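Q: I'd like to learn how to read a few local features in a model like this one. Can we go through them one at a time?

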Amino acid sequence: MAINHLAPEQTEQFADNIVGFARALRAAGMPVGPGAVIDAMNALPVIDIGNRPDVFTTLEAIFVKRHEHALIFSQAFNLFFRASEEWKHMLDSVPLPEQAKKKPQAGSRRVQEAMSQPRMTETPQHQERDLRLSVSDKEILQKKDFAQMSAAEITEALRAIEKMRLPQAELLTRRQQPDPRGLRLDMRRTLRASLRTGGDIIDIHRLGRIEKPAPIVALLDISGSMSEYTRLFLHFLHGIGDARKRVSVFLFGTRLTNVTRALRQRDPDEALASCSAAVEDWAGGTRISASLHNFNKLWARRVLSQGAIVLLISDGLEREADSRLAFEMDRLHRSCRRLIWLNPLLRFGGFEAKAQGIKMMLPHVDEFRPVHNLSSIHELISTLSRPLPPHHRSLIRSAA
Amino acid sequence: MTSATLPASVDAMLELLTSRGYLAERSLATVTYLSLRMGRPLFLEGEAGVGKTEIAKVLSVALGRKLIRLQCYEGLDVSSAVYEWNSAAQMIAIRMAEAAGDTDREQLSSDIFADRYMIKRPLLQALEPDVAGPPVLLIDELDRADEAFEAYLLEILSDFQVTIPEFGTVKAPHPPIVIITSNRTREIHDALKRRCLYHWVDYPAADRELAIVKTRVPGISAKLSQQVVRFVQALRDQDFYKSPGVAETIDWATALSELDARSLTPQVVGDTLGALLKYQDDITRMQGDTLQKVLKEATSED
């Protein structure tokens with residue numbers, strides 16, 4: 001009962017168009033596989049292709065698999081099917097052109113650095129400029145080049161990351177696995193085993209709860225005042241992401257960006273480069289309150305739902321410190337299992353929480369730690385490796 | 001129960017849904033129609049309360065098919081989603097065999113792991129043939145299940161078959177109609193989405209929402225229903241932690257209708273706001289000026 005609205009020669013032309021359209025989407029950064037193209041070919045004959053909205057919805061349902069891509073799709077669709085000869089031009093105007101760009105060769109930066117003289121770090125002018133940026137009220141939309149970090153620093157950071165041993169099991173899940181000391185009887189395996197002996201039950205098999213590591217969610221401040229640390233922390237977060245599965249990373253300055261996917265790439269240089277490509281406000285101002293609000297509203301329910309530990313990495317120098325900041329911190333604190341604030345300012349011996357923003361945030365964290373050098377990162381790791389505080393553990397066990 | 005024939009066009013689909021009181025956007029009708037025609041699962045994402053689950057229920061009624069629902073939760077595993085062996089009955093069978101002096105192990109093994117000792121859970125039920133035609137399988141709130149369960153779903157959703165070690169492979173003669181919903185509390189893996197038609201269900205526009213309220217709350221006056229929809233639409237523009245969905249709109253309209261409210265007043269809105277907003281913070285923010293402003297917008301005649 002197929003309704004074919006197409007003449008044979010039209011079908012061929014349409015097929016060409018669909019293939020071309022799929023290629024355009026791919027070039028715009030959407031993951032479109034050949035399977036989707038075949039789906040589209042199968043779907044179009046059963047709808048009325050004279051009806052533009054229907055064609056739009058059909059192709060959207062097939063090509064778009066993430067809500068975030070819907071905008072790119074609709075732009076591409078409108079451009080492509082207005083005048084298909086113009087589609088080459090379209091590639092310039094669509095966001096997310098990462099995939100189209102030639103990938104930098106993995107590790108090339110490190111090799112270059114290793115070959116060249118170590119550069120002088122932090123000349124006085126340099127510091128002065130950073131200072132000016134950090135107090136600037138204006139949102140400075142600029143892409144900071146990662147190549148500024150010296151090879152020696154990267155080596156050190158990587159060495160620290162290699163030494164990390166994060167705990168692999170801390171949260172009891174509701175899933176079960178064979179466990180000789182488990183509490184539940186595994187009837188299925190017991191019966192199967194007993195059949196081997198003709199029905200005598202000689203061996204009782206048991207089930208226990210599977211334990212898995214708690215997810216980690218990192219919120220990293222990339223404003224101007226933090227710029228000396230950003231790269232190191234990103235390396236650190238990339239390293240944790242290698243070791244355990246559920247790590248989500250968000251960067252914030254004046255706005256919040258989810259870079260979890262960008263950071264999943266194997267090679268640290270490539271991962272960091274795609275992070276910097278995704279972020280528009282490197283080393284600009286800070287709007288902690290607004291960024292936390294966005295996180296609470298858009299992401300908290302999605303990434304904190306399974307008892308996550310939150311690492312908030314920020315100096316807390318907020319320009320617009322008002323009651324909203326305390327409110328958002330409180331909400332964040334209540335929706336995660338543990339909120340650890342890592343603040344590089346703590347490296348100064350006589351640090352006092354004088355800044356208004358810091359005063360507002362402090363009551364709402366479980367832990368407040370320095371993080372400015374390798375030894376403090378080591379301390380952080382040992383904190384994360386410690387078993388949960390007893391009351392947390394018992395709560396989780398008794399809830400089981 | 002006889003099964004209705006599948007709609008033959010997007011318009012027929014739209015009509016079918018409307019006839020059962022589900023006023024869908026054309027785009028939703030299009031993807032639903034496509035998923036039926038192509039035999040592909042339909043993956044619906046969107047905020048809570050926009051009617052994702054409802055469409056599966058309506059489809060099953062409209063097409064005269066059985067609705068099989070799998071509610072996902074953390075820790076959902078094969079024994080509660082697919083099948084489980086009835087161990088107690090198996091044990092009795094073994095004892096009986098013993099008592100009868102039956103010692104053929106192979107025979108006993110194949111007797112024990114037979115169809116009648118199997119407790120079928122939703123996914124396996126959905127693969128079984130049904131007189132009314134393939135059932136509607138609703139996999140609800142998949143984002144609540146763990147990643148491991150998603151991987152298990154891959155086999156079922158692409159080949160519509162399940163492999164049981166002691167039993168063999170069970171394959172559906174005709175694939176069920178599969179609707180998967182997610183509220184995005186976590187991202188679903190791309191491998192699974194790739195096997196589905198994906199659609200983002202949005203809040204409805206004002207005129208459609210008004211039509212939905214009139215259909216679902218029959219006794220409501222024209223004036224009140226208009227005010228209710230305007231009020232809710234204005235609320236969605238506010239920066240709330242959880243904006244009210246269509247389900248909340250219907251709840252609220254029903255509540256107001258039960259209270260015999262004629263039009264929105266600060267008093268009546270204040271008393272029933274809990275039907276719309278589910279977070280204390282959001283309700284607190286709605287007191288005072290914001291409430292006055294939104295209420296004024298909603299009740300002004302234009």
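This is a predicted model: local features need pLDDT of at least 70, side-chain atom pairs count only at pLDDT 80 or more; totals for chains, interfaces and linings use all residues.

Q: Where is B:Phe160 found in chain B?
A: B:Phe160 sits in the loop that links α8 (147-159) to β6 (161-164) of chain B. Its backbone deserves a look too: the residue is not a glycine, yet its phi is positive, about 50°.

Q: And B:Asp260, is that one buried or exposed?
A: Exposed, because its relative accessibility is 63% and the cut-off is over 50%. B:Asp260 also has a positive phi, about 60°, without being a glycine. You'll find B:Asp260 in the loop between α12 and α13 (266-272) of chain B.

Q: Which residues make the contact between α10(B) and α11(B)?
A: From α10(B), look for B:Ala206, B:Glu209, B:Leu210, B:Val213 and B:Lys214. On the α11(B) side they are B:Ser225, B:Gln226, B:Val229, B:Val232, B:Gln233 and B:Arg236. Sorted by class, this contact has five nonpolar, three polar and three charged residues.

Q: What is the angle at which α11(B) and helix α12 of chain B pack?
A: About 140°, with the axes of α11(B) and α12(B) (residues 246-258) 10 Å apart. Again the two helices are oblique to each other, and α11(B) passes α12(B) in a right-handed crossing. Here α11(B) brings B:Leu224, B:Val228, B:Phe231, B:Val232 and B:Arg236, while α12(B) brings B:Val246, B:Thr249, B:Trp252, B:Ala253 and B:Leu256. The class count for this contact is eight nonpolar, one polar and one charged.

Q: Let's switch to side chains. Which side chain is joined to that of A:Arg66 by a polar contact of 3.3 Å?
A: The partner is B:Asp190, so you have to look across to chain B. A:Arg66 itself is in the loop between α3 (52-63) and α4 (70-80) of chain A. It is buried, with a relative accessible area of 10%.

Q: What else does A:Arg66 touch, leaving out residues up to four places away in sequence?
A: Besides B:Asp190, A:Arg66 touches A:Arg261, B:Glu187, B:Lys193 and B:Tyr198.

Q: Which helix of chain A holds A:Ser289?
A: That's α12 of chain A, residues 288-303. A:Ser289 is buried as well, at 8% relative accessible area. With residues up to four places away in sequence left out, it touches A:Glu318, A:Asp322, A:Arg324, A:Leu325 and A:Glu328.

Q: Can we zoom out to the whole chain? How many helices and strands does chain A have?
A: Chain A has 16 helices and nine strands. Of its 400 residues, 48% are buried. As for sequence separation, take the contacts in chain A with a separation of 6 or more: 76% of them are between residues 24 or more positions apart.

Note on methods:
Residues are numbered from 1 along each chain as its sequence is written. Chains are lettered from A and ligands numbered from 1 in the order in which they are written. Side-chain values use heavy atoms; hydrogens and water are left out. Contact means heavy atoms within 4.5 Å. Helices (H or I, at least four residues) and strands (E, at least two) are DSSP runs, numbered from the N terminus. Ala, Val, Leu, Ile, Met, Phe, Trp, Tyr, Cys and Pro count as nonpolar, Asp, Glu, Lys and Arg as charged, and the others, Gly among them, as polar. Buried means under 20% relative accessible area, exposed over 50%, partly exposed in between (1.4 Å probe, protein chains only). A polar contact is a pair of N or O atoms within 3.5 Å; within protein, one must be able to donate a hydrogen and the other to accept it, and residues adjacent in sequence count only if both atoms are side-chain atoms. Axes are lines fitted to C-alpha atoms, for helices over the stretch in contact, and angles run from 0 to 180 degrees between N-to-C directions. Angles under 35 degrees count as roughly parallel, over 145 as roughly antiparallel, 65 to 115 as roughly perpendicular and the rest as oblique. A crossing is left-handed if the near helix is turned anticlockwise from the far one by less than a right angle, and right-handed if clockwise.
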